[in-house]
Amino acid sequence: MLHKVNSIFVFLKEHLLLLFCVLSSSFIINAQQISVSGEKKIYTDFENRIDYLILMYDININSEISIITSDPSLTVKWTRYPDMTMVSNQKSIIPDDHTGYIAEISGTISGQPYHKELTIWVIDYKLYQPTLNSLSVPDPNSTLCNQLTLTLNANIPDMYYKTVDGTTYNITRKFNLTYNSLEWDDEWKNTSISKEILINGVDIQIYDAPLQDTYFTLSGDEFSVDFNKEVSVTSSLYQAIRVSAKIKTEASVRVEKNEGDRPEDITTLTGSAPLEINFTAQPNGSVPNYFRWEISKGAESPFIVRTGENYRYSFTEAGTFNVKLIAENSYCSHVDSVTIKVSESAIYAPNVFTPNGDGFNDEFRVAYKSIIEFDCWIFNRWGNMVYHWTDPQKGWDGKFKGKPVNEGAYFYVIKAKGSDGIIYNLKGDINLLRGKKQ
């Protein structure tokens, strides 16, 4: 048993020593640094094609790239690629523009041979700075409603890097385009839009044209931003042609609780008839100048067509209705719509009420919804009419000519019409009980 333990200890000792050597080597590798003089930016992450892309600004005889190692005994050999010409055996070099270098770091670390190669591509960014001359907006007559094309006059020199085998990869240059527009959040609000774009030729495509007049500003590229030497160009004023309009609704509110599905809030789009709603166009400023309202039921053709920014309509028929707003100008149009649902009709008469002034069940009222025509008569036991009314929201308070009538049985006759065309003829008795006021 002891022999096995000793064997395990020896095994662990040997592998821990190996692990220490590997970690020590990794520490030396990671401790290497590239030092670059002057204004510079160092970039990595090039899909394992090269290790470093170094952008320097204004390379001259004082410019220098150095390899700094944690172990001074390590040597550095510089080779230019792809022609593989040796450049220097020093730890630093004076670089050239658009040139690749291989830095071979060699030596011995903790008695173990060490060799590492770094691939570096150098660019003098000063020679490739973009020049942005002008940014032109299009003529409205040649522009799509939701899309527009800006025309750029600029000089943007190509930038690239090469791998050791001589393969060339173009460097994408990103610019930033900013402009103003509108966004809808229960109302139109100004918003600033900023987009990262790639320049490919002279045309800049915008696929969501602004909803208000604005200026476009192009700035960049991202490398010039890194060097704090950003350039920009601003267009002349673009006059928006893209149309957008939202429908704002405001329903007439009713408060009598004997009506079911009554519109209790101005924002309601469903309820008991007559459902009266005011429709108002909410356009993107003065861009649209023509408004048309269309109201249809189901898939039928519109039975109402009106123009103007506002329209008020009372829905007296049960069913589902589509209200459409078409907003236009000379170039573009936009459609918004809302759905209105009007309840089917119903009516119910109670058989008792207690007009004693306690605030509860003090009137004889029908429960109803979507009743558009209504008549109710109250008769006493001798057939004499004591009350008549035509508003289903109202009721009988148990009085005749302003004076309370006697307790007992009375009779009602109701004739009504629902929003769905149903005719109601109701008759029945109603018990008037005063009781005691609590």
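The structure is a predicted model, in which local features need pLDDT of at least 70 and side-chain atom pairs count only at pLDDT 80 or more, while totals for chains, interfaces and linings use all residues. Residues are numbered from 1 along each chain as its sequence is written, and side-chain values use heavy atoms, with hydrogens and water left out. Strands (E, at least two residues) are DSSP runs numbered from the N terminus; two of them pair if DSSP finds at least two bridges between them. Strands of a sheet pair through backbone hydrogen bonds, either parallel or antiparallel.

**Sheet with E14, E15, E17 and E18**

- In this open sheet, 4 strands follow the order E15-E14-E17-E18, and the pairing is antiparallel.
- Strand E15 (188-198) and strand E18 (231-234) each have a single partner strand, so one side of each lacks a neighbour in the sheet.
- On average, neighbouring strands of this sheet are turned by 20 degrees against each other, direction ignored; the axes behind such angles are lines fitted to C-alpha atoms, and angles run from 0 to 180 degrees between N-to-C directions.
- Strand E14 (residues 174-184) is joined to E15 by 11 bridges, and the two run antiparallel.
- Ser181 stands opposite Thr191 in E15.

**Sheet with E10, E11 and E16**

- Here 3 strands form an open sheet in the order E10-E11-E16, again with antiparallel pairing.
- Strand E10 (131-136) and strand E16 (203-206) are the edge strands, each pairing on one side only.
- From one strand to the next, the twist averages 30 degrees.
- E10 and strand E11 (residues 148-155) run antiparallel and are joined by 5 bridges.
- Ser134 has Asn153 in E11 as its bridge partner.
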